[in-house]
Amino acid sequence: MRIRHPGLLGAFLAALAVAGPALAHHGWNWAEPDNSTLTGVVKSVRLGNPHGRVTLDVGGEQWVAEVGQPWRNARAGLRDEMLVEGVRVTISGHRSARPGEKLIKAERVIIGDTTYDLYPDRD
Amino acid sequence: MFGELLAAIDASALSVHLRHSIWLYPVVSAAHILGIALLVGAIVPMDARLIGLWPSLPVALFARTILPFAAGGCILAIGTGTLLFIVQPADYAALPVFWTKIGLVLAGVTNALVLRRSAAWRRAIAQTTGTTQALRLSGSLSLGIWLTTLFLGRLLGFL
């Protein structure tokens, strides 16, 4: 079959090739399969839909931790006012598998002695 | 300038409300999918007829029955899509895939409006059978545009 609109196909492939930075992450396929842990100090936060993002200073490196959307954080008992600048948090979850991307999707958020379990069904 | 506009949208009461809502955001998201389902579900058979499938069935029949669902779905998808954009405007605006998608939506709407205002369309509505080169071209453009738009839209959730 002849391709009727080669220009359209070209534009689509070009769009794929230059696809930009992380926006929203569905599932876990984009992340490393192994669990990892990260401790840092909160620099800035952007909570809410489609999911919250917490920027951390981890020994001078800037990391972004993806936390839940409002219902997931609420279910875990994690409230917005706990994640404010200067708070020391430990994130347990999965790091991005993309080389050089300092991004971790949280399964658990640990503040002080309290663990807020965002994904109780995941190890 | 554009960055300030995005920041203003981001700081708006509507954006903040959508962002922190438990139910509204998923409802808007689901309504967006409903709009896409109606649009694509109706436009595929409409375009298939324009391209030449079912030549014995009048184009007017399709225009009367399924075309309003395509148009309604399109309006719903654009309305809810605007609300989804408002939640994180700077993030979407930074993505070439997003702007490609918006360009395709504009192209798809323009293509449909151009066809509706054309002599080819009036003739197609008046006559009962067959298709023409102009209808075939418009139908295949429409099919390519909307299916690519759907794919890019889904892709946005994975970037």
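Two strands are taken to pair if DSSP finds at least two bridges between them, where strands (E, at least two residues) and helices (H or I, at least four) are DSSP runs numbered from the N terminus. This is a predicted model, in which local features need a pLDDT of at least 70 and side-chain atom pairs count only at pLDDT 80 or more, while totals for chains, interfaces and linings use all residues. Residues are numbered from 1 along each chain as its sequence is written, and chains are lettered from A and ligands numbered from 1 in the order in which they are written.

Chain A contains two helices and six strands, and along its sequence they follow the pattern α-β-β-β-α-β-β-β.

β1(A) in turn pairs with β2(A), antiparallel and over five bridges, with Val45(A) and Val54(A) as bridge partners. These two strands form a hairpin with six residues between them, and Gly48(A) in the turn has a positive phi of about 120°.

The pLDDT, which is the predictor's confidence in each residue on a scale from 0 to 100, averages 86 in chain A, and 80% of the residues score at least 70. Over residues 18-22 of chain A, however, the pLDDT is below 50, although this stretch has eleven contacts in the model beyond near neighbours in sequence. Where pLDDT is low, the predicted coordinates should not be read in detail.

Chain B is built otherwise, with nine helices and zero strands. Its C-alpha trace spans about 55 × 30 × 25 Å along the principal axes, and 30% of its 159 residues count as buried. Among contacts in chain B between residues at least 6 apart in sequence, 84% join residues at least 24 apart.

Helix α3(B) has 28 residues and reaches 40 Å from its first C-alpha to its last, close to the 40 Å expected at 1.5 Å a residue, the expected span being 1.5 Å times one less than the number of residues. After α3(B) comes Gly52(B), whose phi is positive, near 140°. Trp54(B), in the loop between α3 and α4 of chain B, has a phi near 50°, a positive value in a residue other than glycine. Is Trp54(B) buried or partly exposed? Trp54(B) counts as partly exposed, because 14 C-beta neighbours lie inside 10 Å.

In soluble globular proteins, nonpolar side chains tend to be buried together. A nonpolar core is here a set of buried Ala, Val, Leu, Ile, Met, Phe, Trp, Tyr and Cys residues joined through C-beta atoms within 7 Å. The largest such core has 24 residues, and those touching the most other members are Leu39(B), Ala42(B), Ile43(B), Met46(B), Ala70(B) and Trp146(B). At least two residues of this core come from each of α3 (24-51), α4 (59-65), α5 (67-87), α7 (96-116) and α9 (133-156) of chain B, and α3(B) gives the most, with seven residues. Leaving aside neighbours within four places in sequence, Trp146(B) is in contact with Leu39(B), Val40(B), Ile43(B) and Gly108(B). Apart from this core lies another, of 14 residues, among them Val54(A), Val67(A), Leu78(A) and Val89(A).

The last stop is His26(A), which sits in the loop between α1 (6-17) and β1 (36-46) of chain A. His26(A) is exposed, because 11 other C-beta atoms lie within 10 Å. Not counting residues up to four places away in sequence, His26(A) touches Gly157(B) and Phe158(B).

Key. A residue is buried if 20 or more other C-beta atoms lie within 10 Å of its own, exposed if 12 or fewer, and partly exposed in between; C-beta atoms are placed from the backbone. Two residues are in contact if their C-beta atoms, placed from the backbone, lie within 7 Å.
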